[in-house]
Every structure is written in C-alpha cells, then in structure tokens.
Amino acid sequence: MTQRVTVVTDSAASIPPELVERLGIVVVPMSVIIGDTPHPDGELTIEEVMARAAEGVSTSGPSPGEVLQAVEGSEGDVLLLTVSRQMSSTFKAANAAARMVGDRARVMDTGTAAGAEGLVVLAAAEAAAQDEPVESVQRAAQRVIERVRLIATVDSLDRLVQSGRVPGVAGLASRWLGMQPLFEFRDGHARPLRPAFSREAALERMLTAWRQSTVPGAELHMAALHAQAEGDAAALLDAVREEVKPATAFVAPFSAVMVAHTGMGLVGLGWWWDEERD
C-alpha cells in the first residue's frame, strides 16, 4: 500500500542505508567539488576527498532539477527536509522544485545538519510510515527541530575556519593553546564551545552536555557520528546505553560533503528527548 507522504532529504543527513530503505526515505545527493569537477556525495570516500584537499575542495547542494526529479518520482504528498539554509543552497533548490509541482510538495529547513538532521528526517519518516497526512508529518519534524542538539569535536578547526563555518579567531585560539576544539550546531550555524584539554575530555564534555539535557520520563533518540573515528563514536553510544535505553540509536559516518567542511577525526552526538512518550 502506498504511503500518503514521501519524505525526501539530502545526503548531509547521514542516515544509515538500512533506515533509509526501511522507511522509504528518498535521499538526494549533494556534491563534493574537487578542482572544477563535481562528485555526487558517496562517489568518493572521505579519505579520497581529504587526500585531494590541495586541489581545492568545496561543496554544493543539489540543483532544483535534481530535487524535482526526486519529487516527481514519489507518489502522493512530499515533504522535503533540508540541511540548514545557512550551510547550503539545498533549501533554496528544494523551494524552487516545490513551486514547480504546486501543493503536492512542502519544504522545511531542519536548521541543523548531519545526525541531528537525520533524527528530524527519521521522526517525519516514522509518521509517514504510519500513513499520517502531510500536516502530521510536518508536525513530527517540527517537534524534533525544536528539540534536537548536535555537539561535536574535531582535532582541528582548520577546515571549519576555511569554510567560514566558525570565526577564524576561534581556530587560531584553539591551535595556539593546543586544545581540543568543540562546537555545537545551533540555529543553522556551527558555534565554537569552550575547548577541552584533551580528546578524552572533549568526549566526556559531550556526554555531560547530554546528561544535563535529560528530560525525566522522556524517550531518547540519538545518533553518534564520526569521520574515520568509529571507535570513539561507538564508545560514546555505549556510554549512553549504560544509563538509558534509547528508542533510536545508531552510529554512522559523516558524509563526504560534511567532512569537506569539518576535516577528519570528527566525532559528534546528535540527540533529542521526546517528552510525549514514555
């Protein structure tokens, strides 16, 4: 039986393929541009992308035509959920595509990226899988947008500084002090947090932020993300599971598009508490 709503998102959401398939999510790839050559997200590994950084690495969102193709290939209503408009042209392309098909497609900016974006998409897709109307699917997404958090650490802020995602002085300060940078995606931007003295301390700081956000009796949804640091991401999720049994929990790599802006060694935790469930 065909669902009334199809959820479409971009590859920045970093959702594991098995969840994409199970929930019928349509993922439109963003692109990594090396030199002057675009590569759809997933065509190159993150190692290949970073090894060619000297050639000049940038990224781009999908074109309106690419988004339109995904919409036209879906039946019923379509909800387009995008990475933050502050980070990509994807939201603009999605709106252009939606205008071409009229009322059948609606667009929402998740205001975040990576695993946090993925959690928004998963909540919407779960509602769609229950054959909810598009208004209910939108409300499911909005509830997560208002609650989701994403905190990450990287070995260096150099890539974020080069991409303009954090103020240059933050990267300089962290490099001069020899500390472990931390940042939070909030309101569409990556904002630097107080750095830690070591990577271990940074990971513990992330767990502390999660613990401090606890909503008693609420259901936890969590994603642990990484860029060639799966062991650290898995250890964070294991530490969470020792204290709480999440309703949603997965470890996934950042997409190559995201790593082009963050660099290697990144580990992040995305989570939200659903206080309407127990």
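Which backbone oxygen lies 2.8 Å from a polar atom of the side chain of T110? It is the backbone oxygen of T82, in a polar contact (a pair of N or O atoms within 3.5 Å; within protein, one must be able to donate a hydrogen and the other to accept it, and residues adjacent in sequence count only if both atoms are side-chain atoms). This is a predicted model, in which local features need pLDDT of at least 70, side-chain atom pairs count only at pLDDT 80 or more, and totals for chains, interfaces and linings use all residues. Residues are numbered from 1 along each chain as its sequence is written, and side-chain values use heavy atoms, with hydrogens and water left out.

- T110 is found in the loop between strand 7 (105-109) and helix 5; helices (H or I, at least four residues) and strands (E, at least two) are DSSP runs, numbered from the N terminus.
- T110 counts as buried because its relative accessibility is 2%, where buried means under 20% relative accessible area, exposed over 50%, and partly exposed in between (1.4 Å probe, protein chains only).
- Leaving aside neighbours within four places in sequence, T110 is in contact with residues including L81, T82, S84 and I145; contact means heavy atoms within 4.5 Å.
- S84 is found in the loop between strand 6 (77-82) and helix 4 (90-101), and S84 is buried, with a relative accessible area of 1%.
- The side chain of S84 reaches the backbone nitrogen of Q86 at 3.1 Å.

**Nonpolar cores**

- The largest nonpolar core has 60 residues, and V7, I15, I25, L81, V137 and M258 have the most contacts inside it.
- A nonpolar core is a set of buried Ala, Val, Leu, Ile, Met, Phe, Trp, Tyr and Cys residues joined through side-chain atoms within 4.5 Å.

**Aromatic pairs**

- There are two aromatic pairs, counted where rings of Phe, Tyr and Trp (its six-membered ring) have centres within 6.5 Å; planes under 30 degrees apart count as stacked, over 60 as edge-to-face and the rest as tilted.
- F183 and F185 form an edge-to-face pair, 5.5 Å centre to centre with 80 degrees between the planes.
- The rings of W210 and W273 are stacked, because their centres are 6.2 Å apart and their planes are at 10 degrees.
- W210 lies in helix 9 (residues 199-212) and W273 in strand 13 (residues 267-274), so the pair ties together parts that are 63 residues apart in sequence.
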